[in-house]
Amino acid sequence: MVPNDELIRIIDLLNTTYESEEAWHGPSVVEVLRGVTPDMAGRRIAPNTHSIAELVFHMTSWRIFCVKKMQGDATFDITTPEKNFGALPDKIDDFEWEALEMELSLSQEELINELDKRDDDEFLEDIVPGRDYTYYDMLHGIVNHDLYHTGQIMILRKALTFKGAGSNFADDDDEYDSRYGNSHEQDDYY
């Protein structure tokens, strides 16, 4: 076993979750965001819910958190709603949406680049500066975090696409049905 086998697996998992077109779990972050318009990104399906744009900002923020912690920054934190979900307008324009997607992509790149600097798996058992968990837990946490919010974005997309159309979601086919089971099977998991 090479000294960085676990790190290689974590990097692969991060990349698969983020951009693979053949992820076991279903659509990746990139796949789910494909086709989201600026109008969709800024809309809410109900009061006191997050928009897709806010979720993308949030996912970016926590990637940056991981990078800062791997760089040894014990004081960096996400302590305010503005740092966590942003202070975004309700109406997102093309430029703002493109910037949010680009920032997410760049934060993924930064995270992978920071991991690529490591020579072995030893650091994975170190405690994250300013926290009480290991880098191993943090990195697996960001994968789980992505999966959770990707599912939310997928549901938001469906709701925003079909809202007001009198559509029964369970009877509608979508672009993922053929690859990840039909919507009736997916209903068991929502």
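Student: Starting with V67: buried or exposed?
Tutor: Buried. The relative accessibility of V67 comes out at 5%. Keep in mind that this is a predicted model.

Student: Okay, and which helix does V67 lie in?
Tutor: V67 belongs to helix α4.

Student: What does V67 touch, not counting residues up to four places away in sequence?
Tutor: With those set aside, V67 touches E110, L111 and E114.

Student: Let me zoom out. How many helices and strands does the protein have?
Tutor: There are 9 helices and 0 strands. Read from the N terminus, the elements go α-α-α-α-α-α-α-α-α.

Student: And what share of the residues is buried?
Tutor: Of the 190 residues in the protein, 44% are buried.

Student: Of the contacts with a separation of 6 or more, how many come from residues 24 or more positions apart?
Tutor: Such pairs account for 69% of those contacts.

Student: Back to α4. At what angle does α4 pack with α7?
Tutor: The angle is about 170 degrees, and the axes of α4 and α7 are 10 Å apart. An angle over 145 degrees counts as roughly antiparallel, so α4 is roughly antiparallel to α7.

Student: How do the residues of that contact of α4 with α7 divide?
Tutor: They split into 15 nonpolar, 5 polar and 4 charged.

Student: Now α1 and α7: at what angle do their axes cross?
Tutor: Roughly 15 degrees, with the axes of α1 and α7 coming within 10 Å. Angles under 35 degrees count as roughly parallel, so that is how α1 and α7 run relative to each other.

Student: Is the crossing of α1 and α7 left-handed or right-handed?
Tutor: Left-handed.

Student: Which residues make that contact?
Tutor: From α1, the contact uses E6, I10, L13, L14 and T17. From α7, it uses Y136, L139, H140, I142, V143, D146 and L147. By class, the contact of α1 with α7 comprises 8 nonpolar, 2 polar and 2 charged residues.

Student: Changing topic: how many salt bridges does the structure hold?
Tutor: It has 9 salt bridges. One of them joins the side chains of D146 and R63, at 2.4 Å from N to O. That pair ties distant parts of the chain together: D146 sits in helix α7 (residues 135–162) and R63 in helix α4 (residues 52–70), 83 residues apart.

Student: Are D146 and R63 buried or exposed?
Tutor: Both D146 and R63 are buried.

Student: Where do R9 and E6 sit, and how many residues apart are they?
Tutor: They are in helix α1 (residues 5–19), 3 residues apart, so about one helical turn separates R9 and E6.

Student: Is E6 buried or exposed?
Tutor: E6 has 18% relative accessibility, so E6 counts as buried. R9, at 46%, counts as partly exposed.

Student: What about D39 and R43, how far from N to O?
Tutor: Their salt bridge spans 3.3 Å, N to O. D39 is partly exposed, with a relative accessible area of 40%, and R43 is partly exposed too, at 32%.

Student: Last one, H58: what is H58 in contact with, leaving aside neighbours within four places in sequence?
Tutor: The contacts of H58 are N84, F85, H145 and H149. H58 is placed in helix α4, and its relative accessibility of 6% means H58 counts as buried.

Technical notes: Residues are numbered from 1 along each chain as its sequence is written. This is a predicted model: local features need pLDDT of at least 70, side-chain atom pairs count only at pLDDT 80 or more; totals for chains, interfaces and linings use all residues. Side-chain values use heavy atoms; hydrogens and water are left out. A salt bridge is a side-chain nitrogen of Lys or Arg within 4 Å of a carboxyl oxygen of Asp or Glu. Helices (H or I, at least four residues) and strands (E, at least two) are DSSP runs, numbered from the N terminus. Buried means under 20% relative accessible area, exposed over 50%, partly exposed in between (1.4 Å probe, protein chains only). Axes are lines fitted to C-alpha atoms, for helices over the stretch in contact, and angles run from 0 to 180 degrees between N-to-C directions. Angles under 35 degrees count as roughly parallel, over 145 as roughly antiparallel, 65 to 115 as roughly perpendicular and the rest as oblique. A crossing is left-handed if the near helix is turned anticlockwise from the far one by less than a right angle, and right-handed if clockwise. Contact means heavy atoms within 4.5 Å. Ala, Val, Leu, Ile, Met, Phe, Trp, Tyr, Cys and Pro count as nonpolar, Asp, Glu, Lys and Arg as charged, and the others, Gly among them, as polar.
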